[in-house]
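Good morning. I will go through one model today, starting with charged pairs, then a few strands, then the nonpolar cores. Please have a look at it first.

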Amino acid sequence: MAAALPALDPDLLREVLECPICLETYNQEQLRPKLLQCGHTVCRQCLEKLLANTINGVRCPFCSRVSRMSSISQLADNLTVLKILDCASSCTTAGALMCKSCRNRLPRQYCLDCGTVLCDLCKGEGHQQQGHTVQPIRVAAEQRRKDLGGKLASLREAMDHIQKKRAAIDSLTKNMRVKYRAVQQEYTRAELRLQEELGRQRRAFAASMAEVEKLNSQILEEQTYLLNLAEVQVVSRCDYLTMQVKQSDIALLEDGGVRDEEELDLRSSLDLPTLIKLQDPELVTTEHPEALDVAQLTTKPCTVNTDEDEGLLEFGVGTMCRAAGAVGDLYRDIDIVMPVDEVCASPGSFKSKSMDEGGPSSPGDARAGSGPQHCQFVKKMGCKGNLPGMFNLPVSICVTSQGEVLVADRGNYRIQIFNRKGFQREIRRNPSSIDNFVLSFLGADLPNLIPLSIAITPQGLIGVTDNYDNSVKVYTTDGHCVACHKNQLIKPWGIAAMPSGQFVVSDVEGGKLWCLAVDRNVGVVNYNRLCSAVRPKFVTCDAAGTVYFTQGLGLNIENRHNEHHLEGGFSIGSVGTDGQLGKQLSHFFSETEDFRCITGMCVDANGDLLVTDSGRKEILQFPKEGGFNVLIQEGLTCPVGVAVTQKGQLMVLDCWDHCVKVYTYLQRRRSSTC
């Protein structure tokens, strides 16, 4: 859209189009503008009067220079003024500044009854004679400004009233969120008590079953032992008879007569088991007349007056704060690596708005193959401060394959590294000898590391874009700087680590994406331009090496601190390792949804793109198949970074809350097609 033309100043136009002697507007006839030899312009009528009083020349009344001439026709016309007069008759912009009655003179008066601007001649002819009220334009304009100023003051009062109402509603919303978490905490405790009771019953049932099994095993072992004895007797008798059969005829008859009398009745002598008494287990279930309920949610009406002071607005603050403290204690005891199967849907969980649930979508959008995703809040890490584990306006986050979390703490001029046990170490730029001299001379600790974005390679090299000297620095995990690169970089901002071990750096003012190859013993060994883009700022990379980058300038209208590092992107582009551009996500990624201020990105294990939008205060997911999901809709004030761990956690960096918020993240299961 073309920029609007600036408005013409009536005073400047009057100075150009009016004769400075008679103060009449120039025209094409008697008041034709004539150009003196000194450069000043006077109308023809005034020159004739001046020439009548002099001989062979006219003295300029402004600079006293004499223009030699014998006739007015010897002077040239001021063609510029004549051209302006011609344009004023046809151009609506310039014509609007002329008298509304004659349209030949510049106006000096304003008729309050007609609402038109008039020249001095038209003022008396058609308006004052009819009894209209006519005032000078400047006086009428000042009166109009006063009236508009009064209206503007009333509108500002109304705006202040609206802002107070909004603040009251925001405070009420925060209090209700605390109440929601307290109710969810009570539900969780009731569910844990029920699970403990079920566990005790399960252990008692298992003990009873073991006792029955032990008793039956003893009886069966005794009967098995008796059978083994009978089997030995039968086998021994069989061997004896077999030996008798093999004897000669005479010996067999002689022994047979003697031994037949000694024949045993095996059936009567052997004690074989006939009846076995065992314990037959049966399960007798306890019938419940109704379905088992852990708890029920009830509500009661509550009326809040938003016109009262803020102190009266926070109803039940003491109870809610205690409930919030209990919730914080519970989250403190939960391990960060909590299995996702233990997540249960509750009224306080963060809901997901996705296209699969009937959300807004365009006809051409591809829907995700899996169901809706739920990201439930787990814990909050850090608070505002400068001690280890505290943050001051953090701007970037990344996660290593071992589960370590790196945070760029911009306000404290450092990079903090956390493991599962908590704070581990920090990285600060070591000042050089010149820096030491400056610090000692000024007596102050000047910031010499202002991180904007961080990334870590699979080899353990940490890349940082430094706003202090507009460079890219590479550190080891123990804080040793191995490289510092500034060549051909104007304003490096985003940085990402590729699977190959290279870094991708975005130059927001240079409009380029660069690839840097770094060796921990040599430094930067190679760098080349990957592609060009429009103000690329934030970058990320997937497992295949595809680089996603933001383009344009998206502003967060709620940027209360006017921080330039919170300015985000407007759209998202992608580029492959060969420099070929891939798919794009425009500003309007749906018919009814758009980006407002993209401040961070990452890619999960499935290749789905996760985006933080500080303007929307949401975390968005863009699956590879198409479409989008809104993972987190509330609970964030200014998200500026996101990362996914291998254990199924979503780490969201909240700049204005000065903390890292941890959520459960259920990655999509890909459906197999026949």
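A search of the whole structure finds 16 salt bridges, a salt bridge being a side-chain nitrogen of Lys or Arg within 4 Å of a carboxyl oxygen of Asp or Glu. Before the details, the ground rules. This is a predicted model, so local features need pLDDT of at least 70 and side-chain atom pairs count only at pLDDT 80 or more, while totals for chains, interfaces and linings use all residues. Residues are numbered from 1 along each chain as its sequence is written, and side-chain values use heavy atoms, with hydrogens and water left out.

One of the salt bridges joins Arg428 to Glu426, with the closest N and O atoms 3.0 Å apart.

Now Lys473. Its side chain meets that of Asp466 in a salt bridge, 2.9 Å from N to O. It also meets the side chain of Asp469, again with 2.9 Å from N to O. Lys473 counts as buried because its relative accessibility is 3%, and Asp466 is buried too, at 0%.

Where does Lys473 sit? It is on strand β17, where Lys473, Ser471 and Tyr475 point one way and Val472 and Val474 the other. Helices (H or I, at least four residues) and strands (E, at least two) are DSSP runs, numbered from the N terminus. β17 covers residues 471-475, and five of its five residues are buried.

Two strands pair if DSSP finds at least two bridges between them. With β16, residues 462-466, β17 pairs in the antiparallel sense over five bridges, and Thr465 stands opposite Val472. The two form a hairpin with four residues between them, and Asn470 in the turn has a positive phi of about 55°. With β18, residues 481-485, β17 also runs antiparallel, joined by four bridges; there Lys473 stands opposite Cys484. That hairpin has five residues between the strands, and Gly479 takes a positive phi near 95°.

A note on annotation. Over residues 484-519 the chain is 0% helix and 58% strand, with the end C-alpha atoms 12 Å apart. For residues 633-666, the figures are 0% helix, 53% strand and 16 Å.

Last, the cores. A nonpolar core here is a set of buried Ala, Val, Leu, Ile, Met, Phe, Trp, Tyr and Cys residues joined through side-chain atoms within 4.5 Å. The largest has 22 residues, of which Leu36 and Leu47 touch the most other members. Elements giving two or more residues to this core are α1 (10-17), β2 (41-43), α2 (44-52) and α3 (79-90). A second, separate core of 18 residues includes Val405, Val640, Ala643 and Leu653. In soluble globular proteins, nonpolar side chains tend to be buried together.

Conventions. Buried < 20%, exposed > 50% of the residue type's maximum accessible area, 1.4 Å probe, protein only.
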